[in-house]
Amino acid sequence: MNSFFSTVHTPETKGFGGVFRLGNKIMQSDVSRVFTVKEAAEALSSLKGELSRVIVGQRQVIDQITITLLAGGHALLTGVPGLGKTLLVKSLAKLFSLAFKRIQFTPDLMPADIVGTEILQENPETGTRSFDFVKGPIFANLLLADEINRTPPKTQAALLEAMGEGNVTSAGKTYQLQKPFLVLATQNPIELEGTYPLPEAQLDRFLINIVLEYLSVEDEQKMVGNTTSPDEVELKPILDGNDIAALQRLVREIPAPTNVVNYAVRLAAATRPNTPYAAPRVDSLVKWGAGSRASQALVLAGKARALMDGRLNVACEDIRELAIPVFRHRVITNFRAEAENVTNLDIIRDIIKSTPEN
């Protein structure tokens, strides 16, 4: 397909008032696409505009998923049924020209159903037998893990290596996953009977936790009108895998000033109970706080947000705006918080208010 941008062969690309140098290692590949910050912002704006033809409302959700992809992370989508989670993910796959797979998580799903398995094959000519690995649906660019909390932890854990390392291991052999690789996992927050809550270690693998809310009445009226008409919207691909890889590299080149990094670290430290940095009420109401991966997620997601806006550096505003989706699944309250009807969102908002930027 024709890419949104042309291919260039220079290790530098000019941005707004500066020069970005994409590292030497990047330019050693055969062909690398290099984009200016302005071009990247324009492409992402076109992407969101095309997506809005199918997805009505949910602008913040679309922004956060785009940030997740640019940061090379994974996202946990939480929302009641019927809000368009599956449609959103499928539409993204079309816009990005990515290989898309969907796994419907059920109580009887096994790890081999996700990763793949070794099967015995016989060569009809020689009669020799050998084990061949048949790849599972995890071998895709964009994986929708639908209702991930419907399956036992053993099967949930089949995603851990893929999400953390970008590869899977079967029968002692390691298989690399094609990049980009993005897991979007959905879970229903209200129908909890017969579900298996995700362990904290797996929750921490998700860059952000995106919550889908109900549409406004105006947006729902527009959505119903669009989806019940005879016309079907055909999405045009905006970016391909090489474009995404280049944008992900550009995100990491966005500068993060020292004061912004310090702010992100102090926010994460304020969530940790029984430490000198804990914010008020954290010691008494929080069981587990956000780890160091949360600080990394804040800065990396902040860089992606800056790139979406066409800016050359991360600001404390980016960190503050992303604190809730980054911390939401990492701050675990205790029994006392539940008894006092205090949620982890209440605590996170208090931390954001009480933590100075400087």
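What share of the contacts in the protein with a separation of 6 or more comes from residues 24 or more positions apart? The answer is 74%, where a contact means heavy atoms within 4.5 Å.

Welcome to a predicted model, in which local features need pLDDT of at least 70, side-chain atom pairs count only at pLDDT 80 or more, and totals for chains, interfaces and linings use all residues. Residues are numbered from 1 along each chain as its sequence is written, and side-chain values use heavy atoms, with hydrogens and water left out.

Here are some whole-protein values.

| Property | Value |
|---|---|
| Mean pLDDT (the predictor's confidence in each residue, from 0 to 100) | 80 |
| Residues with pLDDT of 70 or more | 87% |
| Buried residues (under 20% relative accessible area, 1.4 Å probe, protein chains only) | 47% of 358 residues |

Over residues 1-31 the pLDDT is below 50. Where pLDDT is low, the predicted coordinates should not be read in detail.

Finally, Phe35 sits in the loop between α1 (24-27) and α2 (37-51). Phe35 is buried, at a relative accessible area of 2%. Its C-alpha atom is separated by 8.8 Å from that of Asp243, 208 residues apart along the chain.

Note on methods. Helices (H or I, at least four residues) and strands (E, at least two) are DSSP runs, numbered from the N terminus. Buried means under 20% relative accessible area, exposed over 50%, partly exposed in between (1.4 Å probe, protein chains only).
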